[in-house]
Amino acid sequence: MNPSFAALLYGRDLPPAGLKVSAQFVGNRLQVGGDLRLEAVADAITIETGGFDHDTLYLGWTDATRGRLSLAPLDTVARATLIGSAPATLEAALRRHVRSSRNDRGKWLLLGGLAASLAVLVLSVVLGYGLIVDWAVRMVPTEVEAKLGQSTMAELRQSGKLLDTGPAVDAVSSIGNRLTAGSRYHYHWAVLEDPSINAFAAPGGYVVVHRGLILATKTPEELAGVLAHEVQHVEHRHTLKAMVNSLGWATMATVLLGDVSAMAGMLAYQVGTTHYSRDLETEADTQGLAALVRAGIAPEGMATFFRTLARQAPQMPIALLSSHPATEERIAAIEAGIQALPAKDYPPLAIDWAAVQASVRKNDDAVP
Amino acid sequence: MNMDPIEYRIHGSDLQYVEVRLGPGRCAVSEPGAMMYVDDEVQVSTEIGDGSGRETNFLSRLWRGLRRKFSGESLFTSIYRNQAGSDRRVAFAAPGPGQIVPIDLAASGGTLIVQRGAFLAGARGVEVGLAWQKRFRVGLFGGEGFIMQKLTGDGVAFVHASGALTEMQLVPGQSLRVDTGCLVALQSSVRYDIKYAGKIKTALFGGEGLFFAQLSGPGTIWLQSMPLKRLSRTLLGMAMTANPRGRIVWFLIAIAIVVINILSINSPV
């Protein structure tokens, strides 16, 4: 004896909302209880899926006197009882019904999953922007960087003010090469005939020092401090990071694909005035101090030079300060960094600084 | 559920209103703004949610209200309570041309699914919820969108739709093809699907769109003769052609198109 289940019976003469009945399978027959006393052979019953949500199970058959009838289980318990007690002839059709109502849920789960993963993707791009920039910058090969640097230098060379030889260039390279010993970049050092106090680094190891900077520094150690800072922009690819932020991803993609020429001109104009974020400047300061110590150069030069600049700043505009603000906190941070280093006597750099300065001043007279 | 049995009378033919007679202490609920007139000593109050009084927690009432909002109703419900010792009246007017149908939810199995925004008023205890269309194609092409209203309870609900309204009972195995947008309400036992118009010629020139709504029994459905979309399309068309200036604009556009074509042919490649 199979268990009975509650159901709603629909038919022509029955209420439109269905008549509540109790039904059960007896052998190969479906018996509907109550006052109706209906019976149907399982072979004559069709399984239909209906209802607003297309998840209601209907057993349909044609009765001799009442015409077409439909029976739907009242709730989920009744539905489970019905499916569990149905004769074997209905099993395949019932399985099809269960599968089709489950398919629908799958579609919405899939859609929800897609929407959720898209949201996660957008969120991670927003939150992990710095990491993505780091990754993109790391993907740029060194050769591309070198090409960028070369084309920048070519633009500068056209101005006719770039010095590749002479005592000043020798002095800069001797300090610079000490700072960059063991680097993966092949550095090129140059002096630009420009009276403003500035220095900058193009990607790929091209470092340019303005003549004005050489004249403004009192000792070679002070210049070494500035160089150590600039070198870190190259080593940590800060120029590329700043490019990603200011020029956008489209330009970055062309660089990744190797098309350097398109942006070389823009970079040549920009490189001297590139503004790095405060984080990048701080990184360059601390890493620069470490580089000075590694090279055995007295690190105090970095602090004293910026101190001097800060004192002069109110009277004269200094290009170096526009991109490297000599704020009190920055100088304090550098001095604190120096304090934290183990006390050590560094031999002074064996460069006749007065002669170097004289050589660039001489050029000043030669070039009107 | 505490349903308040109410007496009502529907007035008017095309622009209707329903007058509800409330016994002492009885309540009716409606959409804010639907009230037309109300007797003395009927207290009018507004609540967030559906006014069923079942939710005491503010947040769950707000959640219910938001669900109502999505189903095309207001966040708030107006409640009319008769505080007098004898019967009092309150009347609700339809927001547009069309008809008001009273539907007894008890006779519909306690649940009814209606077009968005179709609920006008009802006995206290009629809950307005959200019926989410789970079938993509029906939601996209069925003419009613993905969201419909689900009315639950066992009192009378007044449903409004434009045009003439007709009630139809579908017996098991019977199905009806309906122009999309003409469906106003259906019992939850009715299968709602869409059917491709069949022939490309019918789809393009039959004026019914690519799909029909297919409704299969058992259950009762309510249909409207004039969906607002169709009415506004007709009125817009009239406004464009009946206005002589509108015709001149079309004429100028046609000339412009011809001139542009001629110019583009003659221009040297």
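Begin in chain B and select A28(B), V114(B), A157(B), V159(B) and A185(B): of the 56 residues in the largest nonpolar core, these touch the most other members. A nonpolar core here is a set of buried Ala, Val, Leu, Ile, Met, Phe, Trp, Tyr and Cys residues joined through C-beta atoms within 7 Å. Buried means 20 or more other C-beta atoms within 10 Å of the residue's own, with C-beta atoms placed from the backbone; 12 or fewer is exposed, and in between is partly exposed.

The model is predicted: local features need pLDDT of at least 70 and side-chain atom pairs count only at pLDDT 80 or more, while totals for chains, interfaces and linings use all residues. Residues are numbered from 1 along each chain as its sequence is written, and chains are lettered from A and ligands numbered from 1 in the order in which they are written.

Next, colour strand β13 of chain B (residues 156-161), which gives the most to this core, with five residues. Strands (E, at least two residues) and helices (H or I, at least four) are DSSP runs, numbered from the N terminus. Centre on A157(B): leaving aside residues up to four places away in sequence, its contacts are I103(B), L105(B), L112(B), F119(B), G122(B), V126(B) and L151(B). Contact requires C-beta atoms, placed from the backbone, within 7 Å. Another core, of 47 residues, lies apart from this one and includes V208(A), I214(A), L292(A) and A303(A).

From α12(A), E300(A), M302(A), A303(A), F306(A), R307(A) and A310(A) meet I331(A), I334(A), E335(A) and I338(A) of α14(A). This contact has seven nonpolar, no polar and three charged residues. Ala, Val, Leu, Ile, Met, Phe, Trp, Tyr, Cys and Pro count as nonpolar, Asp, Glu, Lys and Arg as charged, and the others, Gly among them, as polar.

Now select α5 (residues 167-179) and α7 (residues 220-235) of chain A, whose axes come within 10 Å and cross at roughly 55°. These helices are therefore oblique to each other. A171(A), I175(A), G176(A) and L179(A) of α5(A) meet residues of α7(A) including P220(A), L223(A) and V231(A).

Finish at the contact between the chains, with 23 residues from chain B and 20 residues from chain A.

How values were computed: Axes are lines fitted to C-alpha atoms, for helices over the stretch in contact, and angles run from 0 to 180 degrees between N-to-C directions. Angles under 35 degrees count as roughly parallel, over 145 as roughly antiparallel, 65 to 115 as roughly perpendicular and the rest as oblique. Two residues are in contact if their C-beta atoms, placed from the backbone, lie within 7 Å.
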